[in-house]
Amino acid sequence: MLPHIKNSTAGVNRQDPVYQNLFEVYFTIPQAIQAQFGDVATILTEQVQSVSGLQTLDKGPETTEQKFMGTTRTYLNSKYDTTSHEISIKLALNLRNGTDSYIYNLFRAWNNLCYNKYTGVTTLKNEYCSDWFKIVVANRGGDIFREIVYKDIIMFGGIEGLDELNYDTQDLAEITVKFKSDWADDRSIGIDDQQ
């Protein structure tokens with residue numbers, strides 16, 4: 001059969017593709033810093049440039065092997081090696097009122113909740129954990145077809161991206177922050193509606 005648009009189910013049925021840039025994210029922040037940064041948390045969505053780490057939502061068990069007289073037998077492991085999720089988010093930075101790097105300041109305060117390197121103060125998980133982080137993915141018309149909610153979010157590993165200043169660049173500053181979640185709800189329209 002020769003290739004022709006009439007032989008393409010997606011083409012003749014006007015099926016839209018899935019775009020990687022049609023998404024939004026929504027944050028909650030730990031209660032311990034809400035009084036100071038609650039207004040900032042509501043606009044974090046505007047600063048997000050990219051999100052990575054979504055592959056853990058579709059993860060499967062790894063394999064294990066046995067040997068038999070020089071040959072290999074392969075099996076699926078009986079459990080996952082890990083069930084947690086690691087999400088990495090890149091954010092743009094802006095200055096509020098000309099001098100307040102409020103996005104950086106929020107994540108710096110969050111980072112210091114677990115262990116404050118300036119004072120040595122440590123806190124319990126209930127204080128450095130936020131309730132959830134949500135990603136919605138939509139089509140060109142704005143209809144959401146996937147919603148991912150990561151629960152009990154902890155920030156870890158510090159803030160990346162501000163390790164260099166350079167006279168030879170015009171690049172705008174961005175930061176990357178990493179989060180872990182032990183569980184997530186991943187609802188895809190179509191799959192979940194049929195179950």
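Phe-133 and Tyr-150 are both buried, where buried means under 20% relative accessible area, exposed over 50% and partly exposed in between (1.4 Å probe, protein chains only). This is a predicted model, in which local features need pLDDT of at least 70 and side-chain atom pairs count only at pLDDT 80 or more, while totals for chains, interfaces and linings use all residues. Residues are numbered from 1 along each chain as its sequence is written, and side-chain values use heavy atoms, with hydrogens and water left out.

**Aromatic pairs**

- The structure holds eight aromatic pairs; rings of Phe, Tyr and Trp (its six-membered ring) pair if their centres lie within 6.5 Å, and planes under 30 degrees apart count as stacked, over 60 as edge-to-face and the rest as tilted.
- Phe-133 and Tyr-150 form a stacked pair, at 6.3 Å centre to centre with 25 degrees between the planes.
- Because Phe-133 belongs to strand β6 (residues 129-138) and Tyr-150 to strand β7 (residues 144-160), this pair ties together parts 17 residues apart in sequence; strands (E, at least two residues) and helices (H or I, at least four) are DSSP runs, numbered from the N terminus.
- The rings of Phe-133 and Phe-179 are also stacked, since their centres are 6.4 Å apart and their planes at 15 degrees.
- Phe-179 lies in strand β8 (residues 174-181) and Phe-133 in strand β6, so their pair ties together parts that are 46 residues apart in sequence.
- Phe-179, like Phe-133, is buried.

**Ring cluster**

- Phe-27, Phe-107, Trp-110, Phe-133, Tyr-150 and Phe-179 are linked into a cluster by ring pairs.

**Charges over rings**

- The charged end of Lys-134 sits over the ring of Trp-132, 5.9 Å from its centre; the criterion is NZ of Lys or CZ of Arg within 6 Å of the ring centre and within 35 degrees of the ring normal.
- The charged end of Lys-180 sits over the ring of Phe-156, 6.0 Å from its centre.
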